[in-house]
Amino acid sequence: MTNRSRLHIPQPSARPGDEPDFSYLNLSPAGSVERPAADARTREIEHLSVELIRVLDDDHRAQGSWNPALEPAALQVALRWLLLTRAYDERMWQIQRQGRISFYMQSTGEEAVSIGQAMALRPGDMCFPSYRNQGLYLYRGSKLVDMMCQCLSNTGDMCKGRQMPIMYHNRDANIFSISGNLATQYPHAVGWAMASAIKGEDHISASWVGDGSTAEADFHHALTFAAIYQAPVILNVVNNQWAISTFQGFAGGERRPFAARGLGLGIPGIRVDGNDLLAVYAATTWAAERARRGGGPTLIEHVTYRGGAHSTSDDPTKYRPKDEWLEFPLGDPLERLKNHLIGEGHWSEEEHESVQAEMRDKVQVAWKEAQKQGTMTEGPYLDPATMFDDVFVETPQHLEMQRQQMLDLES
Amino acid sequence: MAQMNMIDAIRSAHDVVMAKDPNVVVLGEDVGYFGGVFRCTDGLQRKYGEHRVLDAPIAEGGIIAAAIGMGVNGLRPVAEIQFADYIYPGFDQVASELARLRYRTCGDYFSPVTIRTPCGGGIRGGQTHSQSPEGIFTHVSGITTVMPSNPYDAKGLLISAIESDDPVVFFEPKRIYNGPFDGDPNKPAVPWTTHPKGEVPEDYFTVPLGIADIVKPGSELTIITYGTLVHVAQAAARLTGVDAEIIDVRTLAPLDVSTLADSVCKTGRCLIAHEATRFSGFGAELAATVQENCFYSLEAPIERVAGWDTPYPHAFEWQYFPGQKRIAAGIRKVMEAQ
C-alpha cells in the first residue's frame, strides 16, 4: 500500500520478443476436481469457478469423476468434427488471403468448445453463438457449401449478401444469427430460455462470448436476468486469453476467473479446460441437466487460447509472442483428443492422416461447389433489388421507391 | 363503447390481446404486481399470471434484449420502458438487433417485440422525465414508430402494434394520459370524457399502422403534428382564426406520405409542430418530405415549431414547451408570408 491512489494498467505476461509465460493460469491436475450432483447448491460448489476441470491428463488418459466415459466411436466422431472445423478454417483463411472473400475469422485452438458442447446439447436446444463457433454450425448440420456461400455473399448465401463473411445463421439447426455487435446475443439466449420455461418446454439455450466481451453491459444483463428468473440457459465464456490486442486482464480477468462472475448472483460457475473435449462435454452435460431439471443457469468458462489472429484484418505478432500458442500449457485440443484415442488403442497416426486428408478433400469439393453459385468476380450474382426486402414484413412505399430509383440508375 | 382515458385504453389493449393470444407476454419495471407507475398494466398480472406479466429488474437493455429472445422463441412480448428518457441503455438492442434481425436473416428469424414508453413533457419531469426521443428511432430502418394522441387511437394502434410481426416502438405522450391538453397549464385539467375519442370500444378493434389521421379538415394551412401537440395545435389554430387542416401523423415510420402531401398541395401552406428538439428532429424529415412532394404548391416557407434545442429544463417548462403562443406565432408567420 502507498499513501496515494494510482492506476493499475494491466500488462500481459509477455509481449513480442518475450518468452511466453502462462504462470498466471491456475491449473488443477486432471481428475482432481470432484463432479457434484447436478442439483448441488451454488454455495457448495463455488470452488468449481476457481479450480480447473480437466479429464485428460498429461499422458492423455481420462481421469476422475468428470470423465464422461464416452464410447470410443463417439470420440472418433468428435475428432472428425474437430478436424473438419480446422480444415475449413485453414482453407477459408487461404481463400481470404487470395482475395477471394473479404474477411474471415478462424477458431483455431478452440474447436473443442464448439464440438464438445454441440455433442452435449439436444437438437431442440437453441444456440446463440459468437463469431468463433463455426464448429457448432458444422456439427448441428450446416453444410460447408452453405457456409462458404455465405462468406462469398453469392446466390447461395443464406443472408443474401447482407452480412459480412462468417455471420451465418441456421434456423433449421436452431442456431441464431451472428451479430458483429459483441455480446448482444447473450441476453437473447436468456430471453429465449425464459420463453421455453414459460411455454413449459424442456428445451434450453446456450450462448457464447469471449473473455473480452464480458465487459459489455449485455453480459451483465444476461447474468442478472438468468439469475432472477432461473432461466434454463448455459452461458459460456470462451477465455482464449486475447481480445484482439488486449489480454484477458483488460476484461477484469486478473484477480478472479471469469467463471466466478455469476457467483454474486448465485449462478454456479464452472472453470473448464477448454482444450479438453471430454471436460467440455462433461461440464456442458452437467449444466444442461441442471437447467432442464429447473436448476437454472450455469456460467462455464472455457480456458483456451486463440491460436490464430483475431481475424484476417489482424496481425498478432505486433502485440504477443509469435510462438505463444506452442507454449500454452493446455495444448491443442485436436492433438489431445487424437493422443487420447491413440493411447487407448482406438486411433492411429495413419487413420488420423487419412481422416485429415478426407476432411481437406471435403472442404475442397465444397469450395468448388460453392463457387458455382457465384464468386466476388464471376456470376451468378445476387439481385441487388433484394436489398430492400425484409426490412419490414411488407415493403413500405418509401422503400419501393428507393428500390426503383436504384434500379433506374443500375440499368 | 366505454369511457376510457389513455391509461385505460392501453390497459384494455393489453387485456384484449392477452386474452386472444396466449403468446403475448408483458415485461418491464414495476409492471407486474404493482401494475406500472402509470397503471397501464394494472390488474394484468392478477388476471394472466406471473409468467405472462413479469416484473423486470432495472436494466432497460436487459428488458429489451430478453424480449427479443422471447420473441425469437415464439412469444409476442410487450416491453414497457418506464420513461422514454430511460430507453437509451436499450438503444443498441433496438438499433443493432431488433430492427435488423429479419433483414440480416432474410426472414428466417424475427422478433415481434412492441416497446411501449411514456414520453413528452408538461408534467414537471425535468430533463430526465420529459424527453421525446422518437426521431432517434425513426432514423433506424426496420422499426415502426408510433405515437397516439387519444384513447381510441392508443388502444387500436397498440393492438395493431402487438399483433405486428415487425418491431414497434410505441410512444405514449404522458401529459395526455388523463385528458386532452391544449397547452395552457393554468386552465383546470380536462378529462377524456369531454372528448369524442375518449369513447373506446371495450372489445377488440384495430387502428391500422402507417395511416395518418386528418383530425380537422381545413383549407388555409396544413398543420402536421402528433402526440400532445395535436391538441395544442387545434387550440392555437382557433386562437388565430385560421382554417387549418390538422393532421395527426400517428405512425411516424413508415410514414403516410400521401395524406400529408395531398393536404399541403391543397392548402399551399404547412406548419410542422412537435415537442422534441428541433435540430435533426422528426420535423426535419416531415419538412423535407413536404418540400419534395408539394414544392410547386407551396405559397410560403414551411414553418417548424419544436422544443428548443436544449435539455428540457425543470423550472422553465412552459417557456420550453411549444405551447399555443408559439404555434399561433408560427401559424401567423406562415399565413403572412407572401
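Q: What should I know about the model itself?
A: It's a predicted model, where local features need pLDDT of at least 70, side-chain atom pairs count only at pLDDT 80 or more, and totals for chains, interfaces and linings use all residues. Residues are numbered from 1 along each chain as its sequence is written, chains are lettered from A and ligands numbered from 1 in the order in which they are written, and side-chain values use heavy atoms, with hydrogens and water left out.

Q: OK, back to chain B. What's its secondary structure?
A: Chain B has 12 helices and 14 strands. Those are DSSP runs numbered from the N terminus: helices are H or I with at least four residues, strands are E with at least two.

Q: How many of its residues are buried?
A: Of the 338 residues in chain B, 64% count as buried. Buried means under 20% relative accessible area, exposed is over 50%, and partly exposed is in between (1.4 Å probe, protein chains only).

Q: And chain A, what does that have?
A: Chain A has 11 helices and 7 strands. Its radius of gyration is 22 Å, close to the 22 Å that the globule rule gives for 411 residues, so chain A is as compact as a globular protein of that length. The radius is taken over C-alpha atoms, and the rule is 2.2 Å times the number of residues to the power 0.38. Of the 411 residues of chain A, 56% count as buried.

Q: Switching to B:Ser96. Where does it sit?
A: B:Ser96 is in helix H4 of chain B, residues 91–98. With 7% relative accessibility, B:Ser96 counts as buried.

Q: Which side chains does B:Ser96 make polar contacts with?
A: One polar contact, of 3.1 Å, goes to the side chain of A:Asn181. Another, of 2.5 Å, goes to the side chain of B:Asp92. A polar contact is a pair of N or O atoms within 3.5 Å; within protein, one must be able to donate a hydrogen and the other to accept it, and residues adjacent in sequence count only if both atoms are side-chain atoms.

Q: What else does B:Ser96 touch?
A: Leaving aside neighbours within four places in sequence, B:Ser96 is in contact (heavy atoms within 4.5 Å) with A:Asn181, B:Phe91 and B:Arg104.

Q: Now the backbone. Where are there cis peptide bonds?
A: One runs from A:Gly379 to A:Pro380, with omega near 0 degrees. Another joins B:Ala253 and B:Pro254, with omega about -10 degrees. A:Pro380 is in the loop between helices H10 (349–371) and H11 (397–410) of chain A, while B:Pro254 is in the loop between strand E12 (251–253) and helix H9 (257–267) of chain B.

Q: What touches B:Ala253?
A: B:Thr145 does. B:Thr145 lies in strand E6 (residues 144–146) of chain B and counts as buried, at 0% relative accessibility.

Q: Which residues have a positive phi without being glycine?
A: Among them are A:Asp390, at about 70 degrees, and B:Arg124, at about 60 degrees. Most residues other than glycine have a negative phi, and most peptide bonds are trans.

Q: Are those two buried or exposed?
A: A:Asp390 counts as buried, at 17% relative accessibility, whereas B:Arg124 counts as partly exposed, at 47%.
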